[in-house]
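My entries follow the structure.

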Amino acid sequence: WICSHQSDLPHVSLAFLAAGCTSLTMSGGDAKFFTSHKRGEVAEWREEINSTDKDVQKNAIKRIIANMSIGKDVSMLFPDVVNRAQTNDVELKKLVYLYLLNYARSQPELTILAVNTFVKDSADPNPLIRALAVRTMGCIRVEKITEYLCDPLQRTLVDEDPYVRKTAAICVAKLHDINPTLVEDRGFIDQLKELLADSNPMVVANAVAALTEIRDASSSPGDIFQLNANNVYKLLAALNECTEWGQVFILDALASYAPSDAQDASGVIERVTPRLQHANCAVVLSAVKVILSQMSFIHDETETAKLVKKLAPPLVTLLSAESEIQYVALRNINLITQKYPAMLRGEIKVFFCKYNDPIYVKQEKLETMVKLSCPENIDMVLLEFKEYATEVDVDFVRKSVRAIGRCAISIEAAAERCVSILLELIGTKVNYVVQEAIVVIKDIFRRYPNQYEGVIGVLCDSLDTLDEPEAKASMVWIIGEYAERIDNAEELLEAFLDTFLEEAAEVQLQLLTATVKLFLKKPSSGPQRLIQTVLNQATAETDDPDLRDRAYVYWRLLSSDPEAAKDVVLAQKPTIKDDRNVFDPDLLQELLKQIGTLSSVYHKLPSTFVPNVRVRAREGDDDDGASQSHDEPTQQQSAPVNLVDVFGTGPAPAPPAPSGVDLLADLMGTAAVTPTAAPVGDLGRTGVMDLFDTAPVSSSSQHPTKPAQTVLLTSEKSGGLQISGVVVAGPTGPVYDLTFTNQTQASLQGFQLQFNKNAFSLVPAQQPNVGVVAPGTSASVSLPLANTGPSSGPNASHALQVAVKSPSQNNAVFYFSDVVPLESLLIRDAGVSSELFSQQWQSSPEVMRQIGVSLAMSDATAASARLQSTRWHFVTQQAMAGTPYTAIYVSGKLPGPEREQHVLVQVVFAPGAQEVKVAVRSHVQGLAEMVFASLQRVLA
């Protein structure tokens with residue numbers, strides 16, 4: 001441990017490490033090594049080092065290491081200390097090796113002097129010395145000596161003693177970090193793979209750890225470590241006899257295994273399940289990670305429910321450990337409960353806070369209880385939160401009050417009970433409790449408008465106690481929103497306006513908006529005076545650009561068109577929901593793969609906090625996703641990749657190229673070579689051409705039916721106007737097919753549409769012209785869409801938010817949301833060239849998923865024709881070498897406000913299976929999810 005971690009601990013006392021290397025216990029007598037300040041001490045140390053007395057030599061080297069640990073330069077003694085390495089005394093040898101580790105980088109030339117000693121020690125009869133020599137050579141990160149390390153390392157990898165073999169396995173990973181090419185050329189990786197079948201479980205565990213580390217750092221991870229049925233069950237066999245940390249290494253490797261079927265996944269879960277009862281929490285969390293990863297391959301809901309139930313007790317048990325372990329467990333539980341919320345709902349009492357819990361544990365327990373709350377247990381949870389709101393820790397009390405509000409927003413049936421508890425808390429007159437409760441009630445009003453206004457009077461009685469900006473802003477919002485129901489709303493706002501210029505920015509913004517609302521709802525002389533005052537102050541006496549700009553907008557609206565001002569300021573607002581600490585499904589899936597690591601504690605992907613980290617996907621989630629072994633990992637960073645490997649045809653030796661033929665040109669599809677019947681995977685002239693020069697499959701297959709319109713706006717929400725629609729592909733771009741149904745008693749006409757910012761900058765190219773829609777009738781229109789609007793950002797999303805204005809209904813504005821199918825956005829006849837396809841395939845990150853298809857579309861040829869009919873550009877279709885699977889490759893081009901984006905897709909078909917594996921490569925985040933949904937619709 002010392003040798004492998006010393007380089008990571010530069011400020012740790014090396015004398016302490018030295019004492020640990022020996023079999024001595026650090027005592028007060030060892031302090032003398034730090035207190036020598038004699039003149040000429042270097043000469044004295046040199047004399048003692050060269051003494052014939054072993055004890056004198058040890059004391060001298062200890063004194064040297066002690067001075068080295070406090071920053072003194074003792075490198076001038078390097079040759080003398082190195083000479084002491086030629087001894088049979090293990091204690092003395094450890095001390096010398098510790099000195100060497102510290103000065104190896106600064107004295108690389110002198111370090112070579114010790115190489116002969118290392119080589120000699122690697123063949124010593126004592127296995128401890130053999131292992132020590134190899135470990136030390138691996139920790140000396142000097143490239144000049146790596147060549148000398150290879151021969152001893154190869155011997156020790158097949159050593160008769162398992163302790164030496166397991167030490168050598170880790171040394172291979174360290175050597176790979178220094179010189180990857182040397183490790184691959186000398187065959188060390190193959191030797192590590194052989195150690196996976198070693199009879200000693202600790203050797204197996206270290207081999208797994210080394211291979212995993214090498215794979216994560218390699219530019220071609222698929223060639224390093226491939227999990228398949230054979231080596232997986234070898235690892236499972238070694239699992240039972242490993243130490244706890246060896247089990248963690250093996251379980252972490254198993255978490256990336258993609259089983260061949262549900263039965264295989266169940267077998268792995270059955271073998272791993274006993275680890276859930278382990279005393280070490282790291283083993284438990286790693287076992288949970290393996291089970292969760294394998295559950296995604298089991299489609300039987302009953303079986304999945306049983307497995308979820310099994311995971312609850314071990315997770316609950318972790319909460320009886322130390323506070324630090326509880327915190328780690330809670331952070332992981334918060335991730336798991338987002339995926340499986342019912343898992344721990346019956347165990348919610350376990351998450352109740354104890355009086356002696358640290359604040360960080362209490363806060364995580366609060367978050368977990370909010371996530372686990374449901375109508376069945378909400379009463380119990382609210383009683384706990386109410387109790388927490390009377391604690392002495394102010395920060396914890398605030399979070400408890402907020403938790404009550406979050407429960408009200410999430411569970412409609414509990415909203416009234418939550419409001420009652422909040423009113424009781426306001427009645428305590430505790431300042432910070434009252435202010436937090438007002439903030440929470442404001443959110444409840446937004447979630448349930450026009451339901452709990454009866455409490456406004458109680459809130460107004462607490463105005464004098466408000467001194468926090470957020471609470472003031474919330475109260476002002478409530479006054480403005482319900483100004484017509486508050487008799488003295490003008491007086492309440494005027495009290496705030498007296499200190500308008502001294503208030504925080506968020507309070508000023510709310511005061512401005514609330515005053516405008518008051519004026520629009522009560523256009524009398526009093527509100528007119530207030531609005532004039534606040535507009536003058538906001539435009540002439542403030543430096544906040546947001547406040548000033550908003551004031552100018554309101555001023556212009558009020559002076560030019562008060563009705564338009566009402567439409568803007570008093571518009572119906574969408575209800576809110578509690579989405580705090582809720583992750584995007586894709587991000588959540590990635591975080592679940594990191595359970596038991598720092599990533600699961602930070603709730604961030606490793607790439608966000610570890611420089612140059614490689615994101616490794618599940619074994620089998622690779623480019624030839626349906627290969628029999630399911631064993632090639634995928635990395636999301638670009639790296640030089642052989643094009644044949646990219647397309648899953650497998651590596652094969654290339655025959656000599658015929659004269660006059662440029663193999664590179666053939667590879668990119670630029671040479672005019674006639675393809676012949678050569679096996680896929682052959683890198684010869686014809687085999688490579690097959691990748692891109694296969695003739696396109698006939699597109700005579702049936703075309704998909706036009707999608708049906710769905711109801712987007714119900715008549716109940718719009719006073720009798722119903723709107724149905726769907727976005728479809730038109731001749732020159734997407735088209736919005738809309739149907740307006742009039743269920744009112746009067747004719748409707750003049751509808752106007754406006755889109756919110758969206759991922760593809762879609763806006764109506766014109767307004768819908770449907771004429772007059774008589775009562776009880778419908779009118780349809782096909783509205784062309786353009787890509788000239790504002791963009792919502794760089795990430796792709798199919799969400800489309802629409803506002804429709806109905807002039808015949810008093811200029812009412814209604815809102816609805818729709819989904820833009822990817823197939824409606826694809827640009828016709830816009831495929832990429834073979835060369836561009838290969839370049840982008842190599843450099844783009846990948847996302848994979850299995851989707852269901854209809855029986856008719858389970859054939860690659862028929863599916864290819866269907867995809868082409870929906871504007872996907874066909875690239876190639878080919879059988880995958882050594883497997884019964886067939887893969888097709890297609891590309892699509894999508895519009896954008898600044899530049900068009902390409903998306904590359906591989907679809908792998910298994911004979912007779914109504915499920916395909918889809919790999920999507922694109923630099924646009926979120927686009928893969930749209931592709932999966934689109935292919936699910938097209939191939940269903």
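Are helix 28 and helix 29 roughly parallel or roughly antiparallel to each other? I looked up the angle, and the two pack at about 155°, with axes 11 Å apart. Helix 28 and helix 29 are therefore roughly antiparallel (under 35 degrees counts as roughly parallel, over 145 as roughly antiparallel, 65 to 115 as roughly perpendicular, the rest as oblique). Helix 28 covers residues 489-497 and helix 29 covers residues 505-521; helices are DSSP runs of H or I with at least four residues.

I note that this is a predicted model, where local features need pLDDT of at least 70, side-chain atom pairs need 80 or more, and totals for chains, interfaces and linings use all residues. Residues are numbered from 1 along each chain as its sequence is written, and side-chain values use heavy atoms, without hydrogens and water.

Next I listed the contact (heavy atoms within 4.5 Å). From helix 28, A489, E490, L493, F496 and L497 meet L511, A514, T515 and L518 of helix 29. These residues divide into 7 nonpolar, 1 polar and 1 charged.

Then I turned to rings. The whole structure has 11 aromatic pairs (ring centres of Phe, Tyr or Trp, its six-membered ring, within 6.5 Å; planes under 30 degrees apart are stacked, over 60 edge-to-face, the rest tilted). Y97 and F118 form a tilted pair, 5.1 Å centre to centre with 50° between the planes. Y97 sits in helix 6 and F118 in helix 8, 21 residues apart. Both Y97 and F118 are buried (under 20% relative accessible area; exposed is over 50%, partly exposed in between, with a 1.4 Å probe and protein chains only).

Conventions:
Axes fitted to C-alpha atoms, helices over the stretch in contact; angles between N-to-C directions. Nonpolar A, V, L, I, M, F, W, Y, C, P; charged D, E, K, R; others polar.
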